[in-house]
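Please read the notes below with the model open beside them. They follow the order in which I went through it.

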Amino acid sequence: MSHNILILPGDGIGPEIIGEAVKVLNALKAEGSLDMELQFAKLGGSAYDAEGSPYPESTQKLAKASDAILLGAVGGPQYDNLDRPLRPERGLLGIRSHLELFGNLRPAVLYKELANASSLKPEIVSGLDIMIVRELTGGIYFGQPRGIETNEDGERFGYNTLVYKESEIERIGRVAFDIAMKRDKRLCSVDKANVLEASELWREVMERIAKEYPEVELSHMYVDNAAMQLVMKPKQFDVMVTTNMFGDILSDQASMLTGSIGMLPSASLNASKQGLYEPSHGSAPDIAGQNIANPLATILSAAMMLRYSLDQGELADRIEAAVQTVLANGLRTADIYEEGTTKVGTAEMGDAVIAALAK
Ligand code: NAI
Ligand code: MG
């Protein structure tokens, strides 16, 4: 069965880094190991320029019909003065809610060749390989009621509602357990069940799902302790699952343990395993068009796409191994360069990954 992949280059460095990921996918197609059709569409600022909307209907149609979507990044200073509904970020929020992408996967991997990039001591982080599964469409960021009001005494108050339905916890729980099955079979659920009722229910549902996954070892941790453990002994974690807000904070914290924004992929999945895959970084307008951006986060996002939406885990493994090889060979884009290594541009890095794949 041919996979239908939608490519959204986006803005800034988006087209450059996407170009390298597309080269990698095409190389796999050319050798006969990947049956796919690529389609291209616009999202973000480039879509606004062409069609007056950051998530135009033409893109919506292709997105809905695709098996998976690979996105570069959106945004740039030239769009900062647009009205909110027209801004590039709205394109991103639009596609996330349109496709109900509730499962956000944020890996934090530190390649041993880049151990010096971390703010932590190499012996604490070297070999780090964590997957954070964050609930993306519920919780306190979306709960109603919310607002800023004035009480009877004339004092203003702001409030939000933390609410999780059982079904929302179940579906993100299953995503996390499924991923744990494909990895080290250890899952740590992060909550604040000592204080929050929503967390109490969260924990109860995770325990219930665990019965269906007897091979997965489930543990629970309070979020404050998890934040502490992440910087103290990060390698104790394999897969973590948590709520929207806790996941927002912990995934940023974990990603910075690796020190290199140009290296981290991400995925956002829905119930039918359709997914949007994109690097964790933005459109880097400061370096756009110069062939110096690091394409590895986008290439690794393509690997995640193969693993989680297209069931091509072995191809994903091959891409990840090729990235490892290229780093071991000493090739570095400017953002991860250190003395004694070889500085290469965006396109050279992509070519090197393809060469390593072939071996
Ligand atoms: P950014 O991630 O684009 O850049 C931060 C810094 O990291 C810059 O110095 C940049 O040059 C560098 N950098 C980022 N990616 C890199 C790569 N692949 N290789 C080498 N260096 C890289 O974040 P910033 O500057 O806050 O935002 C720039 C634009 O991107 C804004 O318009 C923002 O709204 C947008 N953005 C888009 C996101 C998305 O599409 N998912 C996420 C974050 C920001
Ligand atoms: Mg964040």
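1. Helices (H or I, at least four residues) and strands (E, at least two) are DSSP runs numbered from the N terminus. In those terms, Ser119 sits in the loop between strand 4 and helix 5 (122–125). Between the C-alpha atoms of Ser119 and Ala284, 165 residues apart along the chain, the separation is 22 Å.

2. On provenance: this is a predicted model, in which local features need pLDDT of at least 70 and side-chain atom pairs count only at pLDDT 80 or more, while totals for chains, interfaces and linings use all residues. Residues are numbered from 1 along each chain as its sequence is written, and chains are lettered from A and ligands numbered from 1 in the order in which they are written.

3. The chain is divided into domain 1 (1–104 + 264–359) and domain 2 (129–257), with bounds from an automatic or database domain assignment. Their C-alpha centres lie 26 Å apart. Domain 1 puts 12 residues into the contact and domain 2 puts in 10 residues. On the domain 1 side, helix 4 (88–98), strand 4 (103–109) and strand 11 (265–269) each give two or more residues. That side has 5 nonpolar, 5 polar and 2 charged residues; Ala, Val, Leu, Ile, Met, Phe, Trp, Tyr, Cys and Pro count as nonpolar, Asp, Glu, Lys and Arg as charged, and the others, Gly among them, as polar.

4. Which residues touch the most other members of the largest nonpolar core? They are Leu70, Val133 and Ala302, out of 107 residues. A nonpolar core is a set of buried Ala, Val, Leu, Ile, Met, Phe, Trp, Tyr and Cys residues joined through C-beta atoms within 7 Å. Helix 10 gives the most to this core, with 10 residues. Leaving aside neighbours within four places in sequence, Ala302 is in contact with Ala21, Val24, Leu25, Leu70, Tyr277 and Ile319.

5. Arg307 also belongs to helix 10 (residues 296–308). Arg307 counts as buried because 23 C-beta neighbours fall inside 10 Å. Beyond four places in sequence, Arg307 touches Gln312, Gly313 and Ala316.

6. Helix 1 (residues 14–30) has 17 residues and should span 24 Å at 1.5 Å a residue, which agrees with the 24 Å between its end C-alpha atoms; the expected span is 1.5 Å times one less than the number of residues. Its buried residues include Ala21, Val24 and Leu25. Just after helix 1, Gly32 has a positive phi of about 90 degrees.

7. Some backbone details deserve a check. The peptide bond joining Gln144 and Pro145 is cis, with omega about 0 degrees. Lys273 has a positive phi near 65 degrees, in a residue other than glycine, and Asn291 likewise has a positive phi, near 60 degrees. Lys273 is partly exposed, with 15 other C-beta atoms within 10 Å.

8. Ligand 1 has 22 residues around it, of which Gly75, Gly262, His281, Gly282 and Asn294 come nearest; a residue counts as near if its C-beta atom, placed from the backbone, lies within 6 Å. The shell divides into 11 nonpolar, 7 polar and 4 charged residues.

Methods
A residue is buried if 20 or more other C-beta atoms lie within 10 Å of its own, exposed if 12 or fewer, and partly exposed in between; C-beta atoms are placed from the backbone. Two residues are in contact if their C-beta atoms, placed from the backbone, lie within 7 Å.
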